[in-house]
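Let's take a walk through this model together. Have the sequence and the 3D view open side by side, and follow along.

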Amino acid sequence: MPSKFSFTIIIISLVLILSPKPVFSNNYLSCSVRSSCGNISDIGYPFWGLDRPESCGYPGFKLSCSESELEITISSATYRVLAINKESQTLHVSRTDYSENLCPTHLINSTFESETSPFRQNGDSQDIRLYYGCQPLTAPQNLTSILGISNQFDCTINNTNIVGYYVTREFAGTVTGNFLRSCSNSVIIPVPNSQVPSLEEGRDPDDLEEAAKIGFQLWWSADDTRCNNCVNKGGQCGRNLVSGGFECYCSDGDVCSPDVVDLCSDQTVVQG
């Protein structure tokens with residue numbers, strides 16, 4: 001007669017064998033969840049965070065929600081997400097630290113040129129360089145008339161009053177470039193092309209604040225073709241956190257290749 005311990009082992013083994021896969025593999029259900037924040041809703045792959053676990057997204061696409069504002073951090077800089085267009089694979093974003101003034105506590109570049117970055121600027125924006133900790137000029141306080149570049153702005157950062165300037169183009173090897181090289185810091189932020197002409201006039205630093213608030217667009221690339229195949233065949237998109245590879249989850253708990261023609265063909269399609 002089997003012992004109580006043996007009987008327990010048999011029962012556990014039967015449960016493991018006979019239980020449906022979703023009990024142990026719920027990635028399909030987890031990745032079916034769509035997140036929302038403020039006026040942006042129906043957020044799915046490649047984004048994760050909020051109500052979606054990391055295995056349901058792509059590296060670098062973690063979202064957070066702060067006071068009903070959707071945010072994403074890219075290369076240490078945090079951006080307010082103004083819109084998401086999954087069809088064109090674009091994000092409309094603006095720098096959160098430049099939403100109120102030109103003088104954030106920490107000076108961080110907007111950079112998207114890394115080979116490993118899934119984001120790229122599209123053609124509707126131009127980089128503006130802001131210089132901090134510069135030498136003040138005697139009147140007139142306008143670099144457009146003196147050095148041929150845009151206007152001065154004043155800042156208080158960490159209780160220190162500093163002078164800054166912004167430029168819309170490079171001045172390497174010129175008198176202007178030498179002057180700006182004496183500044184202690186500089187930062188690059190993108191602004192819409194439509195705002196550049198008013199910035200080049202250099203009349204009002206508020207123009208740059210407004211341009212920064214309008215924001216700019218980024219293209220993304222995150223195994224989107226494979227995800228579309230997966231969703232069209234009834235699956236949910238995700239990522240293996242150990243191997244880093246793309247995965248397609250079916251409702252029966254299987255992990256399938258999105259290249260298989262009959263992938264999840266007998267399952268209900270949940271749009272991603």
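Predicted model: local features only at pLDDT ≥ 70, side-chain atom pairs only at ≥ 80, totals over all residues.

Residues are numbered from 1 along each chain as its sequence is written, and side-chain values use heavy atoms, with hydrogens and water left out.

The chain has 272 residues, and 41% of them count as buried (under 20% relative accessible area, with a 1.4 Å probe and protein chains only). As for secondary structure, you'll find seven helices and 16 strands; these are DSSP runs numbered from the N terminus, helices being H or I with at least four residues and strands E with at least two.

Now look for the open sheet of seven strands, in the order 3-4-5-6-7-13-8 with mixed pairing. Its edges are strand 3 (48–49) and strand 8 (119–121), each pairing on one side only. Two strands pair here if DSSP finds at least two bridges between them.

Let's step across part of this sheet. Strand 4 (residues 62–66) runs antiparallel to strand 5 (residues 69–74), joined by four bridges, and L63 stands opposite I72. Strand 5 then pairs with strand 6, again antiparallel, over four bridges, with E71 partnered by R80. The two form a hairpin with two residues between them, and S75 in the turn has a positive phi of about 50°. Strand 6 goes on to pair with strand 7 over six antiparallel bridges, where R80 faces S94. That hairpin has four residues between the strands, and Q89 takes a positive phi near 55°.

Finally, where is the largest pocket? D42, I43, G44, I84 and K86 lie nearest its centre, among 14 lining residues. A pocket, on a 1 Å grid over the protein atoms alone, is an open set of points where a 1.4 Å probe fits, with protein on both sides within 12 Å along at least five of seven lines; lining residues have an atom within 4 Å of a point. The volume is about 200 Å³, meaning the space filled by probe spheres set on the points, which are joined across faces, edges and corners. Strand 2 gives the largest share of the lining, four residues, and strand 6 supplies at least two.

Conventions. Buried < 20%, exposed > 50% of the residue type's maximum accessible area, 1.4 Å probe, protein only.
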